[in-house]
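The explanation begins with the helices and then turns to the DNA.

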Number of protein chains: 2
Amino acid sequence: MGATKTEVFTEQQNRIADLAKAFAHPARVAILQHLAKTQSCICGDLVDVLPLSQATVSQHLKELSRIGIVKGNVDPPRVCYCINEVVWAEAKEAFGKLLTQFEGNFCC
Amino acid sequence: MGATKTEVFTEQQNRIADLAKAFAHPARVAILQHLAKTQSCICGDLVDVLPLSQATVSQHLKELSRIGIVKGNVDPPRVCYCINEVVWAEAKEAFGKLLTQFEGNFCC
DNA sequence: ATCCATAATCGCAATATTACGATATATTTT
DNA sequence: AAAATATATCGTAATATTGCGATTATGGAT
């Protein structure tokens, strides 16, 4: 054991969980906030801005890319990272829908 | 290493990450969806509804309680779990704000 | 060709998460 | 008092995540 049993959940539930993972680490929140703020998609600055090593930042960017919420354009020797608007909108929609599904019932 | 360096991030970033963790596992998404749907806060049904053991469900509920998004009322021998509207609203606000902070810049 | 800058990847160690069987706890029912 | 019910917790194993130093890879500059 130790691995999440993804097979037993719906596609939607697994996708929401994955999208949430993008925000489930403060470093990734910081990265996304920075990319959202700076109009131009600054790249290696992230390493300067964040109090983490280059290797660690790169790893978080890889995870964000896997989820799809961030995309990178290579412009050697730099890579220009920015938010993928399509997936960002998907997250907005998914969390919006999920969080309005509950409108307050005071049972406890 | 292996532990998140929470000290180097802002309170807000750490809180968002924590709130996101509530949704960062399909089982917890399923739990929250179930609690949001059923008007009465059904409790041990969760174990019947979810394809996970009682111990695992209990552990996820503990994590959701730690985050604060779920609260439980003991009514022995049962425990009645339900969504904590205050924290739910906090999540709604936090994600809403964060996800509208980006309005589309097409740099890549 | 050599050096420099940027970023990915490797390898590793520390820690966290996920999952579950077994056991403990607490209350209700019999 | 014993049995049944519901839930938490313990212990443990498997796997994932986090973090970083070192290395590699790529292309531009000297």
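In this predicted model, Lys21(A), Ala22(A) and Phe23(A) of helix H1(A) meet Arg28(A), Val29(A) and Leu32(A) of H2(A), where contact means heavy atoms within 4.5 Å and helices are DSSP runs of H or I with at least four residues, strands being runs of E with at least two, numbered from the N terminus. By class, this contact has four nonpolar, no polar and two charged residues; Ala, Val, Leu, Ile, Met, Phe, Trp, Tyr, Cys and Pro count as nonpolar, Asp, Glu, Lys and Arg as charged, and the others, Gly among them, as polar. H1 (residues 11–23) and H2 (residues 26–37) of chain A pack at an angle of about 80 degrees, with their axes 6 Å apart, the axes being lines fitted to C-alpha atoms over the stretch in contact and the angles running from 0 to 180 degrees between N-to-C directions.

DNA strand C is surrounded by 28 residues, the closest being Gly2(A), Lys5(A), Ser58(A), Tyr81(A) and Met1(B), where a residue is near the strand if one of its heavy atoms lies within 4 Å of it. The surface near DNA strand C has 12 nonpolar, 11 polar and five charged residues.

A polar side-chain atom of Tyr81(A) lies 2.3 Å from a phosphate oxygen of DNA strand C, a polar contact being a pair of N or O atoms within 3.5 Å; within protein, one must be able to donate a hydrogen and the other to accept it, and residues adjacent in sequence count only if both atoms are side-chain atoms.

Residues are numbered from 1 along each chain as its sequence is written, while chains are lettered from A and ligands numbered from 1 in the order in which they are written. Local features need pLDDT of at least 70 and side-chain atom pairs count only at pLDDT 80 or more, whereas totals for chains, interfaces and linings use all residues, and side-chain values use heavy atoms, with hydrogens and water left out.
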